[in-house]
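Try each task first, then follow the solution step by step.

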Amino acid sequence: MKTKFFTSAYLCAFFLTFGAVASAFAQDDADDSHQIIVEIPTVALIDIEPAGNKNITASFIQAIPLEAGEKITAPANNNTLWLNYSSIQTGAKTKRVDVSADELVPGVDIHVVAAAAADAGAGTKGTQTGGFNLTTGPQILINGIGSAYTLSGSGNGHQLTYSFSADDANYANLRSGPKTVVVTYTLAEN
């Protein structure tokens, strides 16, 4: 009988001790904490505004007054389009805007310039690299874009100016009729 009593006493002491230790770990104290995980997506969006009317017609015209021996006159510069973007960076990298044409018009140079970013929006907006004649290979038009947004619509982002010329050196390559050139802007990682 003594053995049963001692075994029962030891079991009771064990459970009381274990229960006291377990409840000591479960007690509240003067502070507590938890984690908040904030997720920010990588963003790379670009568009040309105004969205509904972004095609340009650049018509060269005969010299006025009509006179034999005169060259055609280039169309006026076009600055109706605006380049908008939204960008969230991954790490310390920056983005750039590349521009290219799907094909060229024989005898015609199409020159593009991006103005400095308008004041609207926020963040590290890119800087324009100067103008150049479009080529079929990508060229950097705007560089150093960080996490930024320009707001959407005309009057926001970078105003684009197109100019057109038929230089004497290329005049022999001119052919009459319309030719469609697709200009592509790409927001790319540096």
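**Exercise 1. Which residues does glutamine 89 touch, not counting residues up to four places away in sequence?**

Step 1. With contact taken as heavy atoms within 4.5 Å, glutamine 89 touches Thr94, Lys95, Ile145, Gly146, Ser147 and Glu189.

Step 2. Before going on, note that this is a predicted model, where local features need pLDDT of at least 70, side-chain atom pairs count only at pLDDT 80 or more, and totals for chains, interfaces and linings use all residues. Residues are numbered from 1 along each chain as its sequence is written, and side-chain values use heavy atoms, with hydrogens and water left out.

Step 3. Now place the residue: glutamine 89 sits in the loop between S2 and S3. Strands are DSSP runs (E, at least two residues), as are helices (H or I, at least four), numbered from the N terminus.

**Exercise 2. Is glutamine 89 buried or exposed, and which polar contact does its side chain make with another side chain?**

Step 1. Glutamine 89 counts as buried because its relative accessibility is 13%; buried means under 20% relative accessible area, exposed over 50%, partly exposed in between (1.4 Å probe, protein chains only).

Step 2. Its side chain makes a polar contact with the side chain of serine 87 at 2.8 Å. Such a contact is a pair of N or O atoms within 3.5 Å; within protein, one must be able to donate a hydrogen and the other to accept it, and residues adjacent in sequence count only if both atoms are side-chain atoms.

Step 3. The glutamine 89 side chain also reaches the backbone oxygen of lysine 93, at 2.4 Å.

**Exercise 3. Which residues touch the most other members of the largest nonpolar core?**

Step 1. A nonpolar core is a set of buried Ala, Val, Leu, Ile, Met, Phe, Trp, Tyr and Cys residues joined through side-chain atoms within 4.5 Å.

Step 2. The largest one has 22 residues, and Val112, Leu141, Leu160, Tyr162 and Tyr185 touch the most other members. Among the elements giving it two or more residues are strand S2 (78-88) and strand S11 (183-189).

Step 3. Leaving aside neighbours within four places in sequence, tyrosine 185 is in contact with residues including Ile46, Leu83, Val112 and Leu160.

**Exercise 4. How many helices and strands does the protein chain have?**

Step 1. Count the elements: there are 1 helix and 11 strands.

Step 2. Along the sequence, the pattern reads α-β-β-β-β-β-β-β-β-β-β-β.

Step 3. Of the chain's 190 residues, 26% count as buried.
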